[in-house]
Structure formats: structure tokens, C-alpha cells
Amino acid sequence: MPELPEVEVLRRSLEPRLIGRRIERVEVRSPALREPLDRRTLRRRLEGRAIVGLRRRSKYLLIDVEGDSTLVVHLGMSGRLTVAPSGAPVEAHEHLAIDLAGGERLRLRDPRRFGVAFAAATAGLLERDPHFVRLGREPLSPPLTGSELAALAGGGRGPVKTFLMDAGRLVGVGNIYATESLFRAGIHPARSVARIGAGRWERLAGAVVGVLEQAIREGGTTLNDFADGTGQPGYFQVSLAVYGRDGEPCPRCGGRIRRLLQSGRSTFYCPACQR
DNA sequence: CGTAGACCCTGCGCGC
DNA sequence: TGCGCGCAGGGTCTAC
């Protein structure tokens, strides 16, 4: 489900509903996520404390509470984090339920269980926690430039699409937005990063920033199940030029969009427009 | 060393 | 209608 735009849309939708709210109770309904939920630490760090801020790093959402604690959530492929009335029926694959003072409940559902949720000290979290220490550059803050992108790829030889999705270099760009960025930049996804010149790097950096910003404005991409914290779907999927459009006409030249596999992930591209 | 593939897990849509 | 197959937005680990 989520790449950077979806997590950012989720963050913005939750922020006004969560800031200042006190966490009354944390309930681990099913601890089986990619990393097992730690009931004791979650309760110890969160219960009784008010939420003071929501941040995003890469595809992680960070919910800061008073007293130097942070709830970290990664939605994996199928995670959803929503606010519901506390009396709402429990849904399938609900792993975590957090009751807020005032009668609402923050719920984490994740059918495929690729997600992660844990609580830790706020201080030094991004600098020291193993989930964060190896993460690369945020593409939007400040907006990525071509020369920075070229430097991040320095020394590599692999395909440019794989590079864009390497979170150790650049974070937040997953399969959809890597695919769309390369279409906008007119670059073939299999082109080696060693064979990209300054002009192309500049176009690609602009495309990455433009695609991510537009997707945030349009509420993210809802292919199956993405929703923000209030359950609202996004609508960037109608703006997708090539992703998921194998066999359809290219919106720019009318040629046939093709699909190929790279590192086990589907890539869609126009053979005429992307070189 | 960097890179490619397998793997984790459930659900859905498609073709038969 | 039912079933099997392929595929799905993530990340990590292992084997070259």
C-alpha cells in the first residue's frame, strides 16, 4: 500500500485528530507482524500519555507522546491505520487498538503482516534505532536535485529503477512512484545508472519530486486498500500514466505500454518514450 | 563489495 | 460456481 505520499497523507489526516489526545489503553490483539508486537513496551511507553506530534521518516509514521516516547508504525504492503469510534466492531487482522480519551480508537489492521509497530525513546530514535540508521535522503525536504541524485548513485552500475527504490540511498520511492518518475523523465527503467548524464539526472530528480508532490496533493494512490486516517481513499491512481497499464496506449505517444520484471517487481514503461 | 533472488503472508481477480 | 494460479504498494536475508 504505502509509499511516501500515502504515509504523508496519513500523517496529515491523523495530525489534527490525535494531537493533544491522551492514550488511555493499548491493546495488542494479535502480535504477529513482521516484528512481533511487544505488548509490555507499548503499554509502558504509551499508556496515560498525551500525543504531542506526528512525524514521518521514509515510509515510517512516528507518533510522539509526552515523556520521551514515540510510537513507530510501518504499514508494510497492506497496513491501515485509522481512527474509529471506540465502540466500532473489531475487524479482521486488527493487530493493535489504542483507546484515546474522549471515546475514539486508533486501530492498526494489516492482513499481510508485513508491517511493523513498536514504541521507543524519542531522543536519538532516528540517529540510533536500527530501523532508521541506514536510511537515505528524504526526497522532498529539501527537494532533491539532479546533482544530488547523481552523487547518490555514484559508483553503482545497476538499473536506475532499482536504484530509485534503494532506501539506503533515497527513501520513500517504491514501485509505483519509481515507475511513474521514470516515465515522466523519459528514462528506460533498465538503463544503468552509470549511463545517465547530468541532464537526465536533473530531469529525473524533478520527476521524482513532482510525482511525489502531486500524489500527496491528490490524497495518495488507492489501488486496493489505501485509506487515510479517516478512511478516505486517494485518487492519484487516475493520474498514473503507466503503472498497471500493461498493453494500454501510452498517454504521450499512443504506443503500447509494456511490462517487465526487475528484481521481482513489475515495471511498466513506454518503449518509445523511455530510452 | 554490490546486486539478484527467495522469502515473509493474505486476499483478490482472472482463466478454466 | 469453484479452484488454482499469479500477482500485489514493503523490507530483510542469503547466495553469488
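Reader: How do the residues of the surface near DNA strand B divide into nonpolar, polar and charged?
Author: Quick ground rules: this is a predicted model, local features need pLDDT of at least 70, side-chain atom pairs count only at pLDDT 80 or more, totals for chains, interfaces and linings use all residues, and side-chain values use heavy atoms, leaving out hydrogens and water. Residues are numbered from 1 along each chain as its sequence is written, with chains lettered from A and ligands numbered from 1 in the order in which they are written. Near means that a heavy atom of the residue lies within 4 Å of the strand; Ala, Val, Leu, Ile, Met, Phe, Trp, Tyr, Cys and Pro count as nonpolar, Asp, Glu, Lys and Arg as charged, and the others, Gly among them, as polar. That surface splits into three nonpolar, three polar and three charged.

Reader: Which residue has a side-chain N or O atom 2.4 Å from a phosphate oxygen of DNA strand B?
Author: Arg 112 puts a polar side-chain atom 3.0 Å from a base oxygen, while Arg 157 uses a backbone N or O atom, 3.1 Å from a phosphate oxygen. The 2.4 Å pair to a phosphate oxygen belongs to the side chain of Arg 113.

Reader: What share of chain A is buried?
Author: Buried means under 20% relative accessible area, with a 1.4 Å probe and protein chains only. Out of 275 residues, the buried share is 55%.

Methods. Polar contact = N/O pair within 3.5 Å; in protein donor to acceptor, adjacent residues only side chain to side chain. Buried < 20%, exposed > 50% of the residue type's maximum accessible area, 1.4 Å probe, protein only.
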